[in-house]
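Subject: Structure handover

Hello,

Please read them alongside the coordinates.

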Amino acid sequence: METTVLKESFIEKSNKKLGAKPEDARISLTYLSLAFILLLVGGTLGLIQGLNRAGLFELPAWLNYYQVLTAHGILLVVAFTTLFMTGYFYAGVSHTLGGLTSKARKFAWSALASLLVGTVMIMTTVVMGDASVMYTFYPPMQASPWFYIGLVFLALGIWLAGTGVFLNAASWKKANRGQKLPLFSFFAVGGYLLLILGSLGITAEVLMLIPWAFGWTETVNVMLSRTLFWAFGHTAVNVWYLVAVSAWYVAIPKIIGGKTFSDVLARVVVILSVILNVPGGFHHQIIDPAITQGVKFMHVFMSLSIALPSLLTAFAMFAIFERAGRKKGATGLLGWFKKLPWKDVRFLAPMIAMITFIPAGAGGIAQTNNQLNQTVHNSLWVVGHFHLTVGVTVALTFFGITYWLIPYLSKRVMTARLNKLGLIQTWLWAIGMLFMSGSMHWVGLLGSPRRTSFSTYGDNATALSWDPYLMFLGIGGTLLFIGVVLMVYIAFHLMFRAPKGHTEFPVAEEEKDAAPTPKWTERWGLWIVLAIAVISMGYVIPIVDMIVNAPPGSPGFRTW
Amino acid sequence: MKMHRSEEIWLIISVTVLVLSMVVTGYQTFALGMGPPSNTETIDPQKVDETAPFDEPGVYKVGDNEYEVVMTLQIFSFTPGDIEIPAGAEVTFTMTSKDVVHGFQIAGTNVNAMVMPGHIQKITQTFDEPGEYLILCNEYCGAGHQAMATTITVK
């Protein structure tokens, strides 16, 4: 026991002295710089859409709204997030496991190559106008085959990045027999595992679409493709959310001067997320034909079960805040609230991210229930919803991480001026999103559709009544664009300009009297089996039905 | 794993809310017939024009103030368009797509259904309030998606 304590404090001390290993830091910094460059591109495209949708800006003839929207979606929902996740997880794995193994480093670099090849292929086809098919690319809309091949490279990149982390964790376990994997690395293993499980469906789909897009097969099964897509489409965003949650459990308690609430609870949240998540995608198909109401009802349960880990997290977070506040002398029921470091952007950004998840999560629960879903499906409400979940809860937590992760890697420190700029950025983001997402939710409830360029539908009175709300959408979008520019400036300033110095990688410690973490939490084989069982429960019946009772397939269409 | 008392209470309340929402959804679906559109009939997507009933799209009276609208969706229009029905009519829309995936939504009502090639979708609505309702496509279907709309007038 004593030797392990000694060993841990030795690693900690050497980490403190030396900071990140240069060859590990280079990996994460490369990933993070690319992530922020893509954020700038994707954010600019977002501004163009917001202004168009508000009726303020007519796109030039050479630029199509749907082309812009396809690029915006893929860049921000898939590329930015995957790059950030990998940069952040590799940095944390390196920090908590005492450096990356050389094998893991090789995996990280080859993953990057694959992700870049994929992104470039996809973006080239989109820019050339050969793939205005949106993030969901529902067949029988048919993009250039190279668009789908680009997606294969993205999936390959995800698997490579995940494998590197798995191998690194395994080699650490071998060298540290009997010790539990540090919580951060536990999150990294769980996050990649879930992303890989989620990517199986989309990989199968894309492998069916490639021969069809080349013209080697005549037709495609429309329902099957769409179902396989959503096994990924929704799981992916839940992985980004899990990445954000990792920072809430691991870093935030340390930043606010508190301790981990419960190591076991955090691990249970990861395990439940891995097991329960994949069938959740089905709630995107609640008003589809060819799926019976019985199956749809079963999926209400499957989707709602995903809320459980989030509800556990909500409790844990407030418990951490309250304990930290009371330790600083807070009294009364809510006195701890004032003791929180509101002027510290490393806290403020993820805190607003968490608070946002309260309405965002509630909206998600509402949308999962069949009849409520029907009233908002494919309306701007849904766009408002995922701009809260991904656009605030995930993105703002990622920004909050950036303020300490980049200086830790670049061996610099954040100045008070930069902290202030960060506070401005955070509030701009929150207010911009309040306008944009708020008006999207409201106008969506009135019936305004998503993924539609500005249209009055021939001066239809109902459609015209939506315009004032869409104006707020444009205002919010503009504030958010300023937020993106500020954030990208801050990220690169921290990378190249901030004063040299030492920044800590915040990892919260457990309470002194914390119960030991049981060994069963690391039975990954069992979690994979359970996840596959849940995926089978959700998908075997509908997918068999979609294949056996399939109508004649659809030929491809290019309708843009 | 030992849980804090207040955490147990929190989880019990949370799970109760989730279960209640499922009970309400299930009751509405299976007892009140309010479930989401889930028709399972199929059709050859390349032979829509030759297959009944879509060889003759239109508005058909099928009962006492009951109507069936047989409709095809294609880029970027609804056939038939500009529908007229009397107030209080119960209308069943029977739809399929001749090309890509479309969405069928009537603004201001709960009518909302995905319409896919190869599949026949059905949704029923009773129109009590007279007025002109906007029908629009709410699934991106191509360059003219924002123009894909028509109306249903309740007299």
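H14(A) passes H17(A) in a right-handed crossing, where right-handed means that the near helix is turned clockwise from the far one by less than a right angle, and left-handed that it is turned anticlockwise. This is a predicted model, in which local features need pLDDT of at least 70 and side-chain atom pairs count only at pLDDT 80 or more, while totals for chains, interfaces and linings use all residues. Residues are numbered from 1 along each chain as its sequence is written, and chains are lettered from A and ligands numbered from 1 in the order in which they are written.

Helix packing in chain A

H14 (residues 380–410) and H17 (residues 467–496) of chain A pack at about 20 degrees, with their axes 8 Å apart. That angle makes H14(A) roughly parallel to H17(A). Helices (H or I, at least four residues) and strands (E, at least two) are DSSP runs numbered from the N terminus. Axes are lines fitted to C-alpha atoms, for helices over the stretch in contact, and angles run from 0 to 180 degrees between N-to-C directions. Angles under 35 degrees count as roughly parallel, over 145 as roughly antiparallel, 65 to 115 as roughly perpendicular and the rest as oblique.

H3 (residues 65–96) of chain A also packs on H14(A): the two axes come within 11 Å and cross at roughly 40 degrees. H3(A) and H14(A) are therefore oblique to each other, and this crossing is left-handed. On the H3(A) side the residues are Val77(A), Thr81(A), Phe84(A), Tyr88(A) and Ala91(A); they meet Val390(A), Val394(A), Phe398(A), Ile401(A), Leu405(A) and Leu409(A) in H14(A). Contact here means C-beta atoms, placed from the backbone, within 7 Å. By class, the contact of H3(A) with H14(A) has ten nonpolar residues, one polar and no charged. Ala, Val, Leu, Ile, Met, Phe, Trp, Tyr, Cys and Pro count as nonpolar, Asp, Glu, Lys and Arg as charged, and the others, Gly among them, as polar.

H7 (residues 222–250) and H18 (residues 524–548) of chain A pack at about 155 degrees, with axes 9 Å apart. They are therefore roughly antiparallel to each other, and their crossing is left-handed. H7(A) contributes Met223(A), Leu224(A) and Thr227(A) to the contact, and H18(A) contributes Pro542(A), Ile543(A), Met546(A) and Ile547(A). Six of these residues are nonpolar, one is polar and none is charged.

Contact between the chains

In chain B, 55 residues are in contact with 54 residues of chain A. Helix H1 (5–30) and strands S6 (102–106), S7 (112–115) and S9 (131–136) of chain B each supply at least two residues to that side of chain B. H1(B) gives the most, with eleven residues. The side of chain B that touches chain A has 26 nonpolar, 24 polar and five charged residues.

Domains and records

The domain assignment of chain B gives domain 1 (1–35) and domain 2 (48–154), with bounds from an automatic or database domain assignment. Their C-alpha centres lie 35 Å apart.

An unreviewed UniProt entry lists "domain: Cytochrome oxidase subunit I profile" for residues 26–498 of chain A. That span is 75% helix and 0% strand, and its end C-alpha atoms lie 17 Å apart. For residues 55–155 of chain B, the UniProt annotation (unreviewed entry) is "domain: Cytochrome oxidase subunit II copper A binding". Residues 55–155 of chain B are 0% helix and 57% strand, with end C-alpha atoms 28 Å apart. UniProt positions are given in the numbering used here, feature names are shortened, and annotations may be inferred rather than shown by experiment.

Regards

Key. Two residues are in contact if their C-beta atoms, placed from the backbone, lie within 7 Å.
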